[in-house]
Amino acid sequence: MALTAEILLEDMNESERRRAEVVESVLPQVKEAAREVDANAQFHMPHVSLFSERGLLGLIIPEVYGGLGGGLRDLAAACFALGSACPSTALAFFFHCSAASRGLLAIEALEEGLFTEAEAPQVRHFAEQVLHSMGRDGKWFANFASESVKSEKAAVTISTIARKVEGGYLLNGVKSFGTGTGIADVYLVTASLEGVETAEGLCTFFVDPNGAGVRPRASWDAIGMRGTSSGGIVLEDCFVPEESALAIPGAFTRCMQMSRGSFVGNQMAAVCGYAGAGYSAYQYAIRNLTEKKFADTGKPIGTAPYQQELIGKMLVDLETALMWLRRQLQLETSEPPLKPKHEVVKQWRLCKGVVAECGFNIAVNALKASGTSGTMGDPARYLRELSMGVVQAFPAERGRLMAAQMEIEGAEQSLFGVTSK
């Protein structure tokens with residue numbers, strides 16, 4: 001059986017294929033709900049139990065923690081397949097899986113001896129909470145880092161403060177974006193220790209979505225990715241007990257050292273969902289152009305020269321996106337590594353923008369090819385969904401600028417910074 005994921009990942013091994021078959025098994029339900037998700041601007045809650053029951057919430061969690069044992073290749077393939085069915089669901093699933101880095105990278109850092117003997121038990125306890133919750137327990141996670149405050153020197157600036165109190169910490173701040181707001185079983189929140197104004201103060205906390213001091217920031221009603229529930233949260237004296245915190249100074253930055261590539265090591269999978277949506281937009285246009293006929297000749301309307309020009313442009317953009325993603329996957333997963341980390345990150349800055357722009361271009365040309373009636377259905381939805389790729393925090397222009405700066409100045413922009421209020 002041909003799998004949707006194989007359009008991106010052409011060289012799956014036997015284990016990867018088994019995991020891709022699990023993803024394929026949920027695509028009919030995901031696709032069936034896609035229009036409702038978009039129209040209502042709400043995540044389809046039955047997907048939580050569907051994904052949990054199939055083990056997909058532990059897709060990239062090692063089997064020892066109850067997961068399916070996949071890696072970045074599996075996540076990229078899954079996001080592509082889900083994106084072809086419902087881009088919003090693909091993005092929500094990606095952000096859930098991104099939380100796994102808080103456990104996986106911590107375990108790797110422990111193995112590399114980056115923590116002292118005294119620190120190790122706390123780090124391991126926190127990491128295993130993350131991994132068991134996602135794998136064995138099938139919990140859906142939301143990962144909150146982004147904030148509205150910006151900095152020229154850091155990609156994400158953290159102003160949320162964690163103040164030490166008896167038995168734990170009080171969190172105060174506003175997270176402007178967090179996919180899974182109101183739908184996740186568990187929130188992971190990044191905050192800065194009070195009084196520490198460098199990235200060494202960044203810490204991670206388990207937050208109960210229904211606990212005191214935490215509430216939704218705003219409803220998510222963007223142009224696209226409307227069913228991701230990304231409105232963010234407000235934290236007002238939200239108490240987190242010590243056992244639910246990884247608050248060792250420098251722990252966050254030490255864990256991030258273990259990431260081979262972009263950000264926390266799995267970011268490239270996010271745009272695979274955009275590529276999957278672009279693929280579906282192209283397929284929709286082709287069906288439309290072959291099934292509809294000219295009244296006078298009976299030929300498919302896709303035989304018109306201007307229609308074929310649009311088809312050619314879509315093919316170029318689709319193949320371009322797929323080639324960039326395959327190359328990025330190779331750089332981030334090959335053993336031994338093909339390039340040093342700064343080169344992999346530089347490539348990622350470019351890849352993200354290229355794929356986002358290609359997906360949007362496919363959607364534009366699919367809409368053109370579908371004619372006036374196409375504005376009523378899926379082509380219009382694909383256009384809105386894929387427009388989100390060109391307005392995100394790392395648009396193509398910013399990625400090219402950052403890659404050029406790395407090329408000339410030889411330094412990567414900081415991933416995280418902090419600011420005091």
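**Group meeting: a walk through the predicted model**

Is Thr4 buried or exposed? With a relative accessibility of 14%, Thr4 counts as buried, because the cut-off for that is under 20%. As for its partners, leaving aside residues up to four places away in sequence, Thr4 touches Glu24, Leu27, Phe80, Ala81 and Ser84.

Now, on to the strands. If you find S1, residues 141–144, on your screens, you will see that both of its faces are covered. Phe141 and Asn143 lie on one side, Ala142 and Phe144 lie on the other, and all are buried.

Which way does S1 run relative to S5? The two strands are parallel, and four bridges join them. If you want a landmark for that pairing, look for Phe141, which stands opposite Val186 in S5.

S5 itself covers residues 186–193, and it also pairs with S6, this time in the antiparallel sense, over six bridges. Here a handy landmark is Ala191, opposite Cys203 in S6.

Let's stay with S6, residues 202–207, for a moment. How many of its six residues are buried? Six of the six are, so S6 is largely enclosed by the rest of the structure. Side by side, the picture is this: Leu202, Thr204 and Phe206 are on one face, Cys203, Phe205 and Val207 are on the other, and all of them are buried. S6 is also joined to strand S9, residues 245–246, by two bridges, and these strands run antiparallel. In that pairing, Thr204 stands opposite Leu246 in S9.

While we have Thr204 in view, let me bring in Glu147. The C-alpha atoms of Glu147 and Thr204 are separated by 15 Å, and the two residues are 57 residues apart along the chain. Where is Glu147 found? Its place is the loop between strand S1 (141–144) and strand S2 (154–158). Not counting residues up to four places away in sequence, Glu147 touches Thr157, Ile158, Ser159, Thr160, Val174, Lys175 and Ser176.

Last stop, the helices. Two packed helices are described by the angle between their axes and the distance between the axes. Take H9, residues 305–333, and H10: their axes come within 9 Å and cross at roughly 155°. That makes H9 roughly antiparallel to H10. H9 passes H10 in a left-handed crossing, and the residues of this contact divide into 17 nonpolar, six polar and five charged.

H10, residues 341–370, then meets H11, residues 378–387, with axes that come within 8 Å and cross at roughly 160°. H10 and H11 are therefore roughly antiparallel to each other, and H10 passes H11 in a left-handed crossing. Who is in that contact? From H10 we have Gly359, Phe360, Ala363, Val364, Ala366, Leu367 and Ser370, and from H11 they meet Pro379, Ala380, Tyr382, Leu383, Leu386 and Ser387. Sorted by type, the residues of this contact are ten nonpolar, three polar and no charged.

Terms used. Residues numbered from 1 in each chain as written. Predicted model: local features only at pLDDT ≥ 70, side-chain atom pairs only at ≥ 80, totals over all residues. Heavy atoms only, no water. Axes fitted to C-alpha atoms, helices over the stretch in contact; angles between N-to-C directions. Parallel < 35°, antiparallel > 145°, perpendicular 65-115°, else oblique. Left-handed = near helix turned anticlockwise from the far one by under 90°. Contact = heavy atoms within 4.5 Å. Nonpolar A, V, L, I, M, F, W, Y, C, P; charged D, E, K, R; others polar. Buried < 20%, exposed > 50% of the residue type's maximum accessible area, 1.4 Å probe, protein only. Pairing = 2+ DSSP bridges.
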